[in-house]
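Hi,

Here is the structure I promised to pass on. Have a look, and my notes follow below.

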Amino acid sequence: MNGKQQIAEQSRQWFWQAFIDLLRENDYEKITVGKIAERAQLDRRTFYRSFKGKSSLINWYFQKMLNQYHEFLYQQPQPLSVKKGLTLFLNFWLAHQKTIQLLIKRNLSFHFLEIWTKEAIENYNIFNESWRSNGTPSEITYVETFVTGGLWQIINVWLIKDNPENPEQIVQIFLKSLNQLAQHPTGIAQSEKLSNNN
């Protein structure tokens, strides 16, 4: 990264911090690009060199966090067990709890799911579990999408708490729930039967 790129990245970081400060004080709808630029002590034109608008700024943050997470993830010994991968994932986002909590409270965390779904599926190949090797490509994609969406919903419920459980507890709860779901096919079959009768 050359000097000009470093200055541009620093400006983006200042815009983000200004936005977060404003978001603590105001509803999202009341925050304008002008107010973000004023709080960051930068020009509006500088903002528009990097971002199309507020949504673009939020997407930048989540993409940056995802890049950091994937860089961290790929530094781990491969392949990873699902349990280890889940624990790493939860610990990473717990370190950013205050910001994520604010975005959840302001109903802005959906930006992350849009970005993460595609990237998460592309990165599931580092796990050594059989669920990725059994089934058709279509079936595996559905399972991966289910896991991805489920994990982000857990983040939304978990990190909005002021004193969230530790990641190991959440992993145990998540895996226990999946096992219970898998071990009760009669309940699923009953649901399918009711659905087919309606």
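I'll begin with helix α2: its buried residues pack against α1 (3–25), α3 (44–50) and α4 (54–73). Quick background: this is a predicted model, where local features need pLDDT of at least 70, side-chain atom pairs count only at pLDDT 80 or more, and totals for chains, interfaces and linings use all residues. Residues are numbered from 1 along each chain as its sequence is written, and side-chain values use heavy atoms, with hydrogens and water left out.

On terms, helices are DSSP runs (H or I, at least four residues), numbered from the N terminus. Buried is under 20% relative accessible area (1.4 Å probe, protein chains only), and contact is heavy atoms within 4.5 Å.

Back to α2 (residues 33–40), where the buried ones are Val33, Ile36, Ala37 and Ala40. They sit on the same side of α2 because they cover an arc of only 95 degrees around the axis, taken from the directions from the helix axis to the C-beta atoms.

Leaving aside residues up to four places away in sequence, Trp16 touches Leu57, Ile58, Trp60, Tyr61, Thr99 and Leu103.

Cheers

Note on methods. Buried means under 20% relative accessible area, exposed over 50%, partly exposed in between (1.4 Å probe, protein chains only). Helices (H or I, at least four residues) and strands (E, at least two) are DSSP runs, numbered from the N terminus.
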